[in-house]
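Please look at the sequence and the model first.

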Amino acid sequence: MAFRREKDDEEEGSTNIYQNLEKTSVLQETRAFNDTPVNPRKCIHILTKILYLINQGEQLGTREATDCFFAMTKLFQSKDVVLRRMVYLGIKELSSIAEDVIIVTSSLTKDMTGKEDLYRAAAIRALCSITDNTMLQAVERYMKQCIVDKNVAVSCAALVSSLRLATTAGDVVKRWANEAQEALNSDHIMVQYHALGLLYHIRKSDRLAVTKLVNKLTRNSMKSPYAVCMLIRIACKLIEEEDISADEMSESPMFTFIESCLRHKSEMVIYEAAHAIVNLKNTNARVLAPAFSILQLFCSSPKATLRFAAVRTLNKVAMTHPAAVAACNLDLEGLIADSNRSVATLAITTLLKTGAESSVERLMKQISSFVAEISDEFKVVVVQAICSLCSKYPRKHTVLMNFLSGMLREEGGLEYKTSIVDTIITIIEENADAKESGLSHLCEFIEDCEHISLAVRILHLLGKEGPFANTPSKYIRFIYNRVILESPVVRAAAVAALAQFGASCPSLLNNILVLLGRCQMDPDDEFDCLNTLSDQLLENVRVELTLPEGFMIRNLIPCSKLLYNDLQTTFVIVEFPQDVSSSAATFGATLRFVVKDCDPSTGIPDSDDGYDDEYMLEDLEITVADQIQKTKKSNFQAVWDAADTEEWVEAEDTYSLSAVHTLQDAVNTIIKFLGLGPANLSEKVSEGTATHTLLCSGTFRGGAEILVRAKLALSEGVTMQLTVRTTDSDVAELVTAAIG
């Protein structure tokens, strides 16, 4: 079929025909699935709309998804191949939302074992998406047959589906190891790759079995470069777990295999081996030399992908192996003018990490010429390099700070702007000479900052550092502007910052009190109270707390009168106990007041007499996180090592985290529970890894610094070794006890 495109259409550019879809109307169109005979073309178009809506984030209710699912099952009567494959996709997408999806099990099993190869692979994927533990045994025989099927698409679909099922039905999938082993001998590269993935997942909890598997496969030449890359990663994991020295490593059969892969015929495998070696721990120059030679060679490759891979790896290890990376500086200089801006950015940032102090201005000038053209992801890489450079060459802080200030004024997302603010804060903390200029740059930024979290952090920093600057008064205007112009959260942070200036700068106290007096007229308050009863007037409204031992109420400020639909405020000021270990607690809360009946039309009470009443509120919980201010440490390892002194206390314990099932969930839970700021991007867990180290820091109320290192391992559950270093022994005990 030919389509004629009008000239006007070409000038307007292509449009998305699905962009204005409305969920209700699309679901009504599914009535066409009941037509006899089925119109394949029409039904394919409707299914495409449904899949588009789901993948754009449109939420279908359980009833909507179930009705759509059952209407879709009517389409099995059509023999149209394209329509059938679209039905499989629909089943996969709706299986987690709709009810009673197992009704199509027999139809999918029939397609999975049938003679039509175009159906079989897609049917396997759809079947495994709706199968639970109880039903899996019924199709186990068919899955085993499909894993060793001669059709490549069928075998791959069965292997990948088995890998996904292993997370929910591991005991059943373990029985398929023999079939996976047979598939591993396939001549097809993708079948071999997927078979290795499944076999490793089945045996990964048994170190001896994994070691035997790797030793067997390293002696045989695998045809699939993808499988070899996976084997390299498995071998690296085994080496890391052994924790052997560099000399012992060079004699290890695992390392010998990885090193031999540097001479593989596939560039993919060569790069994977080089990348693996330079990221191993406990290495020396002799072990690293061949790998860095490969990366240096790839830097001059005519293929942009190889240049990018090489320079990105060099950039990543520049701080851990600076001497080895510096040997590649000449090649990196040649990449500064690379037509691929990502390659050029990584080359310059790597040179910034390893180059001499005299080259800083030249490199900054070169990168400023095209920094606006690169994505936020690579701008973050530039910022991280500048942060490392500031620690290395503190005298260059003026040049680097001005560059960062310019980047702050550009357009960019939250992650990008956060990385810049983090870097400026780090420079301020590490270099006293940079404090004045750094605070000034941050003051200018919050004048037009669209990110609330960043504005709050900067205001907190101004309150902490500003009173002790040479001229504290110059920051007051910037802070007070936030009280006038910003959202309630930012206004509250600005008020807190002003209070810190008043407390620390006696010469500014009178002016600060005037400004704080104006802040009392702000309409947004804490502990808001609203009277929703039109025929009642409430008086002496207050919150009474049931305090655990050690806590003390210092003051209670009631609301004297609360009219109908009126919003007023009451405050309770509570002092923490002297014993830090008792500071995490739960308070019972009751709202007490005097009720006077009144005329709804006038609000005037019927009499002066009233009666006491109360309303139970939700319990108020004070957690460890409520007492900690997040901090960001750009060079966490240096700070951690510096904390290994008598002034710091270290506490360590091991925990089993039964409530979480993945490393990423564990990391998210720890950060949220302790209220600490992650460092070195350790809050992100690499996909497929079984171990991870989370690094984070914060400041406890009163000023005690906290550094935390959490080593996580995933086996049957998540196990964590938590090490806490802090300047206060009570705080160390509180943090470790909070996890337990």
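Asp535, Asp597, Asp599 and Asp606 form a negative surface patch. Patches are made of residues with over 30% relative accessible area and no salt bridge, like charges being joined within 9 Å and nonpolar side chains (Val, Leu, Ile, Met, Phe, Trp, Tyr) within 5 Å. The model is predicted, so local features need pLDDT of at least 70 and side-chain atom pairs count only at pLDDT 80 or more, while totals for chains, interfaces and linings use all residues. Residues are numbered from 1 along each chain as its sequence is written, and side-chain values use heavy atoms, with hydrogens and water left out.

**Surface patches**

- Asp535, one of the negative patch residues, sits in the loop between β1 (528-530) and β2 (536-546). Helices (H or I, at least four residues) and strands (E, at least two) are DSSP runs, numbered from the N terminus.
- Asp535 counts as partly exposed because its relative accessibility is 38%. The classes are buried (under 20% relative accessible area), exposed (over 50%) and partly exposed (in between), with a 1.4 Å probe and protein chains only.
- A nonpolar surface patch consists of Phe527, Ile557, Phe571 and Ile573, which together have about 340 Å² of accessible area. Accessible areas come from the Shrake-Rupley method with a 1.4 Å probe, and for residues only the protein chains shown count as cover.
- Ile557 belongs to strand β3 (residues 552-557) and is partly exposed, with a relative accessibility of 38%.

**Salt bridges**

- Side chains of opposite charge can pair when their charged atoms come close. A salt bridge here is a side-chain nitrogen of Lys or Arg within 4 Å of a carboxyl oxygen of Asp or Glu, and the count by this rule is 25.
- Glu29 and Lys49 meet in a salt bridge at 3.2 Å, N to O. This pair links distant parts of the chain, 20 residues apart: Glu29 is in helix α2 (residues 23-29) and Lys49 in helix α3 (residues 40-55). Glu29 is partly exposed at 29% relative accessible area, whereas Lys49 is buried at 12% relative accessibility.
- Arg233 and Glu272 form a salt bridge at 2.9 Å, N to O. Arg233 lies in helix α14 (residues 225-242) and Glu272 in helix α17 (residues 267-278), a link between distant parts of the chain 39 residues apart. Arg233 is exposed, at 57% relative accessible area, but Glu272 is buried, at 9%.
- In the salt bridge of Arg307 with Asp338, the closest N and O atoms are 2.8 Å apart. Arg307 is in helix α19 (residues 304-317) and Asp338 in the loop between α21 (329-334) and α22 (341-354), so that distant parts of the chain, 31 residues apart, are linked. Both Arg307 and Asp338 are buried.
- A network of salt bridges links Arg207, Lys237, Glu241 and Glu242.

**The chain as a whole**

- The chain has 34 helices and 15 strands, and 47% of its 740 residues count as buried.
- Its C-alpha atoms fill a box of roughly 90 × 75 × 65 Å along the principal axes.
- Of the contacts (heavy atoms within 4.5 Å) with a separation of 6 or more, 65% are between residues 24 or more positions apart.
- The accessible surface is about 38000 Å², and carbon and sulfur atoms account for 50% of this surface.
- There are 73 positive and 98 negative side chains, the centres of the two sets lying 10 Å apart. Lys and Arg count as positive and Asp and Glu as negative, with His and the chain ends not counted; the place of a charge is NZ of Lys, CZ of Arg, CG of Asp or CD of Glu.
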